[in-house]
Amino acid sequence: MYTAVFTVENDAGTTVSDTVTVHVNTPPKVDTLKYPEDGASNINPLLSRLTFEWEVSDSDSGDNLLIDFYLGESKAFLQLIESDIGNDETWDYTDGGLDELYTYYWRIIVKDSYGFSDTSGTFSFSTKDPDAIHGVLRGHAVFEGWLDHS
């Protein structure tokens, strides 16, 4: 914040002063995307909630930060899923609809109350086959050892 005092004197010797305070805004910053980590695999697509985590910052105290969350099946064509998420460092994706054995891409944009923003890099994660969890493959049990057919 900067303060300037302007003083003007007219021809009659009368002076008028005014003080002007200027707030210089520093844009917010996406520090890191934390979870899912870039390249993470084996994310369960059947979860009713997938929590995304990030860190953002702003050196200006008092700035209200909002997050826009993007997700998509192509790095080049991400869709805005949720806009103006409060300044939390986690957000729960509860829409479901993640396909198994698929790669997804995500990023965020952090915005401050003055219209400045910063865009994160784009991270990816892959979903797993939910039927392959705990030794079950497509509805068939996986056995170890010999079966007695007698």
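1. Ser 126 is located in strand β11. This placement, like everything below, refers to a predicted model. Is Ser 126 buried, partly exposed or exposed? With a relative accessibility of 22%, Ser 126 counts as partly exposed, because the buried class ends under 20%. Beyond its neighbours within four places in sequence, Ser 126 is in contact with Ala 40, Ser 41, Asn 42, Ile 43, Tyr 102 and Thr 103. Asn 44 lies 82 residues from Ser 126 along the chain, yet the two C-alpha atoms are separated by 8.9 Å.

2. Ala 40 belongs to strand β4 and is buried, its relative accessible area being 18%. When neighbours within four places in sequence are set aside, Ala 40 is in contact with Ser 124, Phe 125 and Ser 126. A separation of 9.0 Å is found between the C-alpha atoms of Ala 40 and Phe 123, which are 83 residues apart along the chain.

3. Phe 125 also takes part in an aromatic pair. A search of the whole structure finds nine aromatic pairs. In one of them, Phe 52 and Phe 125 are arranged edge-to-face, with 5.9 Å from centre to centre and 65 degrees between the planes. What does this pair tie together? Phe 52 is part of strand β5 (residues 50-57) and Phe 125 of strand β11 (residues 123-127), so the pair links parts that are 73 residues apart in sequence. Both Phe 52 and Phe 125 are buried.

4. One aromatic cluster is formed by Phe 52, Phe 69, Trp 91, Tyr 93, Tyr 102, Tyr 104, Trp 106, Phe 123 and Phe 125. As a separate ring interaction, Arg 107 lies over the face of Tyr 70, at 5.1 Å from the ring centre.

5. Strand β5 also holds Glu 55. Glu 55 has a relative accessibility of 29% and counts as partly exposed. Not counting residues up to four places away in sequence, Glu 55 touches Lys 29, Val 30, Asp 31, Thr 32, Lys 34 and Glu 89.

6. The protein chain has zero helices and 13 strands. Of its 150 residues, 27% count as buried. Among contacts in the chain with a separation of 6 or more, 59% come from residues 24 or more positions apart.

7. How many cavities of 30 Å³ or more does a search of the whole structure find? The search finds one, and the largest cavity holds about 40 Å³ of space. The largest cavity is lined by Asn 44, Pro 45, Leu 47, Arg 49, Leu 50, Tyr 93, Gly 96 and Leu 98. By class, the lining comprises five nonpolar residues, two polar and one charged. Tyr 93, one of the lining residues, is also a member of the aromatic cluster. Asn 44, another of the lining residues, is the residue whose C-alpha atom is separated from that of Ser 126 by 8.9 Å.

8. Most residues other than glycine have a negative phi, and most peptide bonds are trans. The peptide bond from Tyr 35 to Pro 36 is cis, with omega near -5 degrees. Pro 36 is found in the loop between β3 (29-35) and β4 (40-43), and β4 is the strand that contains Ala 40.

9. Two residues call for attention on account of phi. Asp 84, although not a glycine, has a positive phi of about 60 degrees. Asp 84 is in strand β7 (residues 79-85) and is partly exposed, with a relative accessible area of 42%. Leu 101 is likewise not a glycine and has a positive phi of about 55 degrees. Leu 101 lies in the loop between β8 (90-93) and β9 (103-111). Which class does Leu 101 fall into, buried or exposed? Leu 101 is exposed, with a relative accessible area of 55%, because values over 50% fall in that class.

Definitions and conventions
Residues are numbered from 1 along each chain as its sequence is written. This is a predicted model: local features need pLDDT of at least 70, side-chain atom pairs count only at pLDDT 80 or more; totals for chains, interfaces and linings use all residues. Side-chain values use heavy atoms; hydrogens and water are left out. Rings of Phe, Tyr and Trp (its six-membered ring) pair if their centres lie within 6.5 Å; planes under 30 degrees apart count as stacked, over 60 as edge-to-face and the rest as tilted. Helices (H or I, at least four residues) and strands (E, at least two) are DSSP runs, numbered from the N terminus. Buried means under 20% relative accessible area, exposed over 50%, partly exposed in between (1.4 Å probe, protein chains only). A charge sits over a ring if NZ of Lys or CZ of Arg is within 6 Å of the ring centre and within 35 degrees of the ring normal. On a 1 Å grid over the protein atoms alone, a cavity is a set of points where a 1.4 Å probe fits but cannot get out, and a pocket is an open set with protein on both sides within 12 Å along at least five of seven lines; lining residues have an atom within 4 Å of a point. Grid points are joined across faces, edges and corners, and a volume is the space filled by probe spheres set on the points. Ala, Val, Leu, Ile, Met, Phe, Trp, Tyr, Cys and Pro count as nonpolar, Asp, Glu, Lys and Arg as charged, and the others, Gly among them, as polar. Contact means heavy atoms within 4.5 Å.
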